[in-house]
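Thank you all for coming.

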Amino acid sequence: MRQDLKHRLITWKNDVHSGESKKVFVSESPVKKGEYIIKLEKGLSENLAGKLNQVTVTKKYLTVAQQDTQKDPASDMYHLNRVIDSLEREFNDNYDQAINDAFKDEVVRFSEI
């Protein structure tokens with residue numbers, strides 16, 4: 001695996017907030033020798049309103065330019081970044097939904113600051 005791709009995966013995995021977990025799984029591609037299937041997973045377990053809520057999102061990505069010299073390796077970085085962005089958006093949406101579900105029966109008043 002190219003160093004820039006590996007570095008991006010490690011950087012993403014290590015950028016965690018309190019209660020979060022991030023995992024990166026790598027497997028050799030069964031489709032093309034020298035390429036990889038990368039699975040990203042982000043999760044959070046939190047006690048909201050007395051209930052344990054677990055939010056987990058997983059995305060997979062198949063590299064195309066790690067060994068193929070005719071393809072630009074920057075395309076793998078571009079696509080990986082898009083997969084990460086998509087995973088983060090889906091995770092945030094699911095977390096937001098978990099918060100809404102946890103407090104749906106509670107009276108919550110907001111005041112403007």
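Let me start with a question: does lysine 59 count as buried, partly exposed or exposed? Please keep in mind that this is a predicted model. At 22% relative accessibility, lysine 59 counts as partly exposed, because buried would require a value under 20%.

Its partner is glutamate 90, and the closest N and O atoms of this salt bridge are 2.9 Å apart. Glutamate 90 lies in helix H2 while lysine 59 lies in strand S3, residues 51-62, so the pair ties together parts that are 31 residues apart in sequence. Glutamate 90 is also partly exposed, at a relative accessible area of 32%.

The side chain of lysine 42 meets that of glutamate 20 in a salt bridge, at 3.4 Å from N to O. This pair links distant parts of the chain, with lysine 42 in strand S2, residues 36-48, and glutamate 20 in strand S1, residues 20-28, which puts them 22 residues apart. Lysine 42 counts as buried, at 4% relative accessibility, and glutamate 20 counts as buried too, at 18%.

Lysine 42 also forms a salt bridge with glutamate 88, at 2.5 Å from N to O; here strand S2 is linked to helix H2, residues 74-102, across 46 residues. Glutamate 88, like lysine 42, is buried.

Finally, through shared partners, salt bridges join Glu20, Lys22, Lys42 and Glu88 into one network.

How values were computed: Residues are numbered from 1 along each chain as its sequence is written. This is a predicted model: local features need pLDDT of at least 70, side-chain atom pairs count only at pLDDT 80 or more; totals for chains, interfaces and linings use all residues. Side-chain values use heavy atoms; hydrogens and water are left out. A salt bridge is a side-chain nitrogen of Lys or Arg within 4 Å of a carboxyl oxygen of Asp or Glu. Helices (H or I, at least four residues) and strands (E, at least two) are DSSP runs, numbered from the N terminus. Buried means under 20% relative accessible area, exposed over 50%, partly exposed in between (1.4 Å probe, protein chains only).
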